[in-house]
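Reader: Hi! Could we walk through this one together?
Author: Happy to, here it is.

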Amino acid sequence: MLKAINVDLQSDAALQVDISDALSERDKVKFTVHTKSSLPNFKQNEFSVVRQHEEFIWLHDSFVENEDYAGYIIPPAPPRPDFDASREKLQKLGEGEGSMTKEEFTKMKQELEAEYLAIFKKTVAMHEVFLCRVAAHPILRKDLNFHVFLEYNQDLSVRGKNKKEKLEDFFKNMVKSADGVIVSGVKDVDDFFEHERTFLLEYHNRVKDASAKSDRMTRSHKSAADDYNRIGSSLYALGTQDSTDICKFFLKVSELFDKTRKIEARVSADEDLKLSDLLKYYLRESQAAKDLLYRRSRSLVDYENANKALDKARAKNKDVLQAETSQQLCCQKFEKISESAKQELIDFKTRRVAAFRKNLVELAELELKHAKGNLQLLQNCLAVLNGDT
Amino acid sequence: MSAPVIFDRSREEIEEEANGDVFDIEIGVSDPEKVGDGMNAYMAYRVTTKTSLSMFSKSEFSVKRRFSDFLGLHSKLASKYLHVGYIVPPAPEKSIVGMTKVKVGKEDSSSTEFVEKRRAALERYLQRTVKHPTLLQDPDLRQFLESSELPRAVNTQALSGAGILRMVNKAADAVNKMTIKMNESDAWFEEKQQQFENLDQQLRKLHASVEALVCHRKELSANTAAFAKSAAMLGNSEDHTALSRALSQLAEVEEKIDQLHQEQAFADFYMFSELLSDYIRLIAAVKGVFDHRMKCWQKWEDAQITLLKKRETEAKMMVANKPDKIQQAKNEIREWEAKVQQGERDFEQISKTIRKEVGRFEKQRVKDFKTVIIKYLESLVQTQQQLIKYWEAFLPEAKAIA
């Protein structure tokens, strides 16, 4: 069940989206996006298209650039599928084939293939969560680009950004962060938003740190599991070569290490899924929430500037009507953003708490399951070994 | 030099007990204490013996010994027993780096670890040595265990366990380079040598993997501790009360798990890793003993060749009719006949001793591995039981997030 791995989402009959299939080719991954909908906007009730990562990014960016959506938390874009590390490992394994026994090679190959598969499943899940978040959002689900994304069964031809565009982005971000400095210095009259700003700034940094540390922890766990693999192989070799009656002993312990290693690898994978991925996701979501606050602050600044301009115009009695219209527009925009932002941030908290609860409970349950499994293996093995001696 | 063959009653007694696996002597090495200052400082260890064997004057006694004393003991035992086929357990390795840190007074965790590692190694070394029925009889060993004062062992550089092994390896190389192939009449020896060669290779491989495990486990411990702190910080900034509490509890669980990892790494090393490194060095001693047998054979062979030459000389002298030279030749023949006989006796003796030693060694090896590995698995059991406790306590906290 890949659906909603990190986030508890309510999907309804009106619009259901999932990724029903995926294909990993040399450089790219092809996702089959499957839609079921009773909405009149679509030609059919059920249909599928094939999309690549760049097309998801295009959709995400179109939301970000749309002024009408300034008051919403834009669901964070899924990260680029990255099989480089895994591919490199598989290649290294192929090169080192001559230096290890056939059993070792087969074992390691199986392991690396499992790793590749896990990364693949993860990237599918992350792309799916993005689509589900959009589909669950009362406003975004109606977006035209979204419908095109879901339905248009040709290539959307959204090539990756060229150099000029990338530079433009870079400058946009620079201005944004400079603005961010100015804007965040302004204390908000609204207690709710003031609290949210303080909270989000700190939370974002801490979730970033926790995510990095969790990553390192799960990687060490995996390294230790890999060592169990090699120990098992060595014990097996000892068991088959020894001339004394200890060979049965070695073979049994070798078997134990092989089995316990599988469990340890699962522990690492589950920690990665339930903890590291959860934290990474909320790193991206909290950034999206920060972006919303930024947009609101910008519109506040625009509103305040429009007020000043209106006062000036009235004082000079020049272009007053124009200034009044402009001020009214800014006021409306600011109030609209504030209203939806408040609801978005409340929803963000609800989603966050639900997601953490689900994942922490599942983490604890899985850790218990694996520890009990390990314990059983060890106790069984000891019973056999002690009975023998 | 020949092996001290003292077949007194207590020796037979002990050998019988050895076969029945009852050995009433226990050695402990404890209380490392730094003596002196600066580069002349050294660590003194307490060596405690508990025994009911009649050859000792008391049933429980202890002395203070320093590392070079252990090396001195080993060098004495090695020089007496190795070349006649006894597998003398090697002493722990010297370590200039490790010891310097201790001398210089670095009171950090790495020097404490080093001292503990050495203490444990010295204890295992003595335990193995006293388990050997012949070595237990040795007066030097008894003096080591009992005497309050011991003459300082000098030149321990050359006499360190590593030094002896280097000598043994050099001898092995020399033997391998011999062009005269030994006519191995006894397939048992060839078979055993091959087996020990294989065992050596496998143990080294296993040891490398276990060392990697120790390293990764320590890394995991450090990373878990770092994550625990980070999770605590995250819990602090989380503004939903119940979730904040759960995250703090997660941090506490991870901190406890970090402790577990540290303890497990300790067990990984002291039980599993050190067992393997001890046996890698023991097998080097076994190989050395086999090589001594080859040298012994060579000596016998050389004596036979020389005897032949002497007989040829005698024949030549008889033909040349030189009476005084004939007498000399006859004397030399008698001398070399005796040497040939001695050579044969020595070779048979060393072969016999080695067979017995290898039998004893293999029995001990099986016992050691079984005991230690079972103990190690029990440490793994403990870790899992603790993990279960911690996660079972956390689960309701996670469920309480509302």
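Author: One term before we start: two residues are in contact when they have heavy atoms within 4.5 Å. Also keep in mind that this is a predicted model.

Reader: Good, then let me try it out. Which residues does A:E55 touch, leaving out those up to four places away in sequence?
Author: With those neighbours set aside, A:E55 touches A:V50, A:F149, A:D155, A:L156 and A:V158.

Reader: And where does A:E55 lie?
Author: A:E55 is part of helix α1 of chain A, which covers residues 53-65.

Reader: Is A:E55 buried or exposed?
Author: A:E55 counts as buried, because its relative accessibility is 5% and the cut-off for buried is under 20%.

Reader: Thanks! Now the two chains together. How many residues does each one bring to the contact?
Author: Chain A brings 63 residues and chain B brings 57.

Reader: What area is buried between them?
Author: About 5,400 Å² is buried between chain B and chain A, and carbon and sulfur atoms give 71% of that. The accessible area lost when the parts come together is often used to give the size of an interface.

Reader: How many salt bridges and polar contacts are there between chain B and chain A?
Author: There are 7 salt bridges between the two chains. For polar contacts, the count is 14 residue pairs, with both residues at pLDDT 80 or more.

Reader: Which helices of chain B supply the side that touches chain A?
Author: α9 (187-237), α10 (241-320) and α11 (323-399) of chain B each supply at least two residues of that side. The largest share, 25 residues, comes from α9(B).

Reader: Why do A:E365 and B:K399 count as partly exposed?
Author: A:E365 is partly exposed because its relative accessible area is 37%. B:K399 is in that class too, because its relative accessibility is 41%.

Reader: How many salt bridges does the structure hold over all chains?
Author: Over all chains, the structure holds 56 salt bridges. One of them joins the side chains of A:R314 and A:E324, 3.1 Å apart from N to O. That pair links distant parts of the chain, 10 residues apart: A:R314 is in helix α7 (residues 246-316) of chain A and A:E324 in helix α8 (residues 320-388) of chain A. A:R314 counts as partly exposed at 47% relative accessibility, and A:E324 is partly exposed with a relative accessible area of 29%.

Reader: What about a salt bridge inside one helix?
Author: Look at B:K339 and B:E335, whose closest N and O atoms are 3.3 Å apart. Both residues lie in helix α11 of chain B, 4 residues apart, about one turn of the helix. B:K339 is partly exposed with a relative accessible area of 37%, and B:E335 is partly exposed with 41%.

Reader: Which residues of chain B are linked in a network of salt bridges?
Author: B:E93, B:R124, B:R128, B:E274, B:D278, B:R281 and B:D368 are linked in such a network.

Reader: Last topic: what does the secondary structure of chain B come to?
Author: Chain B has 11 helices and 3 strands. Starting at the N terminus, the order is α-β-β-β-α-α-α-α-α-α-α-α-α-α.

Reader: And how much of chain B counts as buried?
Author: Chain B has 402 residues, and 50% of them count as buried. Chain B exposes about 20,200 Å², with carbon and sulfur atoms supplying 53% of that area. As for contacts in chain B between residues at least 6 apart in sequence, 77% join residues at least 24 apart.

Terms used:
Residues numbered from 1 in each chain as written. Chains lettered and ligands numbered in written order. Predicted model: local features only at pLDDT ≥ 70, side-chain atom pairs only at ≥ 80, totals over all residues. Heavy atoms only, no water. Buried area = accessible area lost by both parts, 1.4 Å probe. Salt bridge = Lys/Arg side-chain N within 4 Å of Asp/Glu carboxyl O. Polar contact = N/O pair within 3.5 Å; in protein donor to acceptor, adjacent residues only side chain to side chain. Buried < 20%, exposed > 50% of the residue type's maximum accessible area, 1.4 Å probe, protein only. Areas by Shrake-Rupley, 256 points an atom, 1.4 Å probe, with all protein chains shown as cover.
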